[in-house]
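The following exercises each pose a task and then work through a solution step by step.

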Amino acid sequence: MLVDVAAYVMANTHLSRDYNVIALSAPEIARVAQPGQFVMIRTQPGLDPLLRRPFSIFERLRDASGAFTGLSLLNKRVGVGTSQLFSAREGDRIGVLGPLGRPFVPVDAPSEAWMVAGGVGLAPFVTLAEALAARGTPMRLFYGARTAADLYYADWFAGLGATLHLTTEDGSRGDLGRVTLPLLRALETTPATRAIALYACGPTPMMRAVATAAGAHDRSVAVSLEPVMGCGMGGCYSCVVPVHRGSGRQFVRACLEGPVFDGRAIVWDALTGH
Amino acid sequence: MADLTTRIGSLTLRNPFIGASGCFGYGLEYTGAVDLASLGGVAVKGLFLEERQGHPPPRIVETPAGMLNAIGLQGIGVRRFVAEKLPELRRLGATTIVNICGSTLEEYCEVARILSDHEGVGAIELNISCPNIKEGGIQFGCSLPGTYDVVSGVRKVTKLPLIPKLTPNVTDVASFARASEEAGADAVSLVNTFLAMAIDVETRTPKLSNVMGGLSGPAIRPIAVRMVWECFQAVKLPIIGMGGIATTEDAVEFLIAGASAVQVGTGNFVDPFIWGKLTSGLNAYMTRHHIARVADLVGSLRIPSKAHA
């Protein structure tokens, strides 16, 4: 069920000069949220920013007894709203509307789940990894960032049983280069008889490269897109994504038909402005 | 409880609050947030005869206290609307106002005819004001003879209440309200968005794929209120006002300026649960001011004599 919660900030952990994890008291949303779903965030009640912004639900938070207390967001300071989220203090009120969007569908063993994340594209994979771990699905995380210090939560995934394939642009941890390098290597060395489901989230060129690689190896990939969104409800038609439909192509709303899409459905050449 | 009902021609609305066309999908997208029957009306997204793809993204950009959009009237076309959406809107008890578009007078008439053949359409809002497409009616809406011709042309093919939606991108909006009245309209709605533009100065590229777009949101509210007031003085037709309404006070401002009902667009993006707040807020306002009916509030602007001199 959709709710708009005036959540208070339970904690705001700065990971670096630009990244933070902000915990919000919205247990109503955390309780029902599925992996990969998003919320529309209103950082303040005034006019700047005016519109809400979409965020993946990062963690579903629980207390010691296992009861849901809220959810967290993985935030990168870029504009006005993300700066407000970065500098928010405990007790501040943040509007959280959700949960919204089509979730990831977690695959079952014996199939393996391979998650491919670039930067803040890690955000939807914590909830997915929890769902996969609960089902006993073997999982790998391919995770690329600028430097070793930017590879947040990598060890958390390892603790959940995921095999890590890390890359950094400066080689300070894992392989030097793009996250698609270890992914391609793994695709090439894995026998076609072994079932794999891919999940990707990150910059659009990265997701496109993952979708291309998956297609070349006849593997399915679910991509979580992050288009500009006005309402998150299907009202404004701003978040459209070009998809193949029949013999043609069509713009569909990412808030309703996504944010998770079958990578093969996207008309990547026409995916502009994201 | 004050009487919140209001009349737009032969149509009685439960309350003055209508989901604005282009901002409320086909209404059904919002059933998780609001009971559509509790709204004054649902103005659905503009419909042509055929399906339309709209413009490529980026389609919106935020501006100070507002937003620019150039969606390009993406839509399913009137035939799919009456088959796939209208029966459900009817079942849910919505008062459905169908916004229609055309590249020619014939297209407007054909869309109106199809809607007139189906149960469940409360009124037709004639979109002669979308700033974002070349052939979508603004050529009618920016010319007085064009406005007269399209309103009188559609008037001949439908008995449904007819509400031309006026553009603010003209020098004298009241003259367009008069042309609509003379042509047989039952009401007018205003304002559509203001043609506007935003540029990324680093890349020197427009922030919208369509280069220009329509400005909406609280930034335009005072101009919209002024235009409603001008039209209220010029015509006897009921007016549906809109432009940046985000609170009860904003809506009341439009009613006092002369609107019999209001549409809420950008405000619903920010808060899809706004509707209950608006109706309870209006009830509280009317109770506090001992106003029994919405009609008693409409056009009730008091201008002190000094300010008039």
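**Exercise 1.** Describe how helix 7 and helix 9 of chain B pack together.

Step 1. The axes of helix 7 (residues 248-257) and helix 9 (residues 274-288) of chain B come within 9 Å and cross at roughly 60 degrees. Helices (H or I, at least four residues) and strands (E, at least two) are DSSP runs numbered from the N terminus. Axes are lines fitted to C-alpha atoms, for helices over the stretch in contact, with angles from 0 to 180 degrees between N-to-C directions.

Step 2. The crossing of helix 7 of chain B and helix 9 of chain B is right-handed, that is, the near helix is turned clockwise from the far one by less than a right angle.

Step 3. Helix 7 of chain B contributes B:Thr248, B:Ala251 and B:Val252 to the contact, and helix 9 of chain B contributes B:Leu278, B:Gly281, B:Leu282 and B:Tyr285. Residues are in contact if their C-beta atoms, placed from the backbone, lie within 7 Å.

Step 4. By class, this contact of helix 7 with helix 9 of chain B has five nonpolar, two polar and no charged residues. Ala, Val, Leu, Ile, Met, Phe, Trp, Tyr, Cys and Pro count as nonpolar, Asp, Glu, Lys and Arg as charged, and the others, Gly among them, as polar.

The model is predicted: local features need pLDDT of at least 70, side-chain atom pairs count only at pLDDT 80 or more, and totals for chains, interfaces and linings use all residues. Residues are numbered from 1 along each chain as its sequence is written, while chains are lettered from A and ligands numbered from 1 in the order in which they are written.

**Exercise 2.** Determine which residues chains A and B bring into contact, by number and class.

Step 1. In chain A, 23 residues are in contact with 29 residues of chain B.

Step 2. On the chain A side, these divide into 13 nonpolar, seven polar and three charged residues.

Key. Two residues are in contact if their C-beta atoms, placed from the backbone, lie within 7 Å.
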